[in-house]
Amino acid sequence: MSIQVCAEIKKDAVDMRDAYCSSLIRLADEDERIIALDADLMGAMGTKPFEKKYPERTVNCGIQEANMVGVACGMSAAGKVPFAHTFAPFMTRRACDQIFMSGAYAKMNVKLVGSDPGITAQLNGGTHMPFEDMGIMRLIPEMTVLEPTDVSMLEDLMPQIAAQYGMVYMRLVRKEVQQVYARGSQFTIGKAVRVREGSDATIIASGFCVAEAIRAAELLAQERIGVRILDMFTWKPLDREAILSAAAETGAIVTAENHNVINGLGAAVAEVLVRERPVPVEMVGVQDEFGEVGKLPYLAERFGLKAENIADAVRCVLKRK
């Protein structure tokens, strides 16, 4: 696994949705089983180029999310590899029973993409702002649950997702993200990325919060506090070894997620630690609230997901160490 962390974290030149569409086209070029499904959001997701190149392999199901999942499962039963997209709350809340019964229980091979996770929904507001999607999906047996950090990771994961048989849920930012990894970096589903070394505490972050964790580490370094950072982009299967090593070697954990802390990444990490190696844990994330309308900077401050919040949690956990 070859991974290069960018020396400077800044806005990626490529939108995630464009990278998703380009990756899907490349997969379809090589595998005629690849199908794209959507629930009337192809314009929002930027998948019109896929439809233009492969109209016979594109199905816009309209605003019928549960039906779309059922169609995808039927296609899987017929030997296809469907990638189905809609906004994350509609994928995980509205279509949950179809995902569970027609998909996972029936051992189907469907790739579910839920876009605009957490505060990245921004002006779409609370109705479209999923703080619970990953928690819902990680409760479903045998489901792989992912959150790509940036375009580089998404481009590497897409072929792996297509090649892996089974149900996959991927929450995906549609538009701009911070570039954390250099192009060409390689990742392994189920294995956390050690982004930064440190011995005083460990920050285990995902998605939007990875870049914020890096900025938090830089703030803490000015106080001579050295933190390890793990990018836990796979929530299920969770990298237990990385968590246990961090607990043993740094003795304190802070989790950071763009998600409800209830049944989120922090809860998943705590489940491992409480059974096998208890250490102090602090959880940065949404504290059991609904979303609201706002731009990303405001929402990050409103829900306590900024670098300063993560740094404060590290200072707090060190007092408990």
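Q: In which sense do strand E10 (residues 201-205) and E11 pair, and over how many bridges?
A: In this predicted model, E10 and E11 pair in the parallel sense, over five bridges. Within that pairing, Ala205 stands opposite Asp231 in E11. The chain passes from E10 through helix H9 (residues 208-221) to E11, and this β-α-β crossover is right-handed.

Q: Which strand pairs with E11 in the antiparallel sense?
A: That strand is E9 (residues 193-196), which pairs with E11 over three bridges. Here Asp231 of E11 is the bridge partner of Val193.

Q: How do the side chains of E11 point, and are they buried or exposed?
A: In a regular strand, side chains alternate between the two faces of the sheet. In this case, Val227, Ile229 and Asp231 point one way from E11, while Arg228 and Leu230 point the other way, and all are buried. Because five of the five residues of E11 (residues 227-231) are buried, the strand is largely enclosed by the rest of the structure.

Q: How should I read the packing of helix H4 (residues 65-77) and helix H6 (residues 96-105)?
A: Two packed helices are described by the angle between their axes and the distance between the axes. For H4 and H6, the axes come within 9 Å and cross at roughly 10°; with angles under 35 degrees counting as roughly parallel, the two helices are therefore roughly parallel to each other.

Q: Which residues make the contact of H4 with H6?
A: H4 contributes Ala66, Val69 and Cys73, and H6 contributes Gln98, Ile99, Ser102 and Gly103. These contact residues divide into four nonpolar, three polar and no charged.

Note on methods: Residues numbered from 1 in each chain as written. Predicted model: local features only at pLDDT ≥ 70, side-chain atom pairs only at ≥ 80, totals over all residues. Heavy atoms only, no water. Buried < 20%, exposed > 50% of the residue type's maximum accessible area, 1.4 Å probe, protein only. Helix = DSSP H or I, 4+ residues; strand = E, 2+ residues; numbered from the N terminus. Pairing = 2+ DSSP bridges. Right-handed = clockwise from strand over helix to strand, strands pointing away. Axes fitted to C-alpha atoms, helices over the stretch in contact; angles between N-to-C directions. Parallel < 35°, antiparallel > 145°, perpendicular 65-115°, else oblique. Contact = heavy atoms within 4.5 Å. Nonpolar A, V, L, I, M, F, W, Y, C, P; charged D, E, K, R; others polar.
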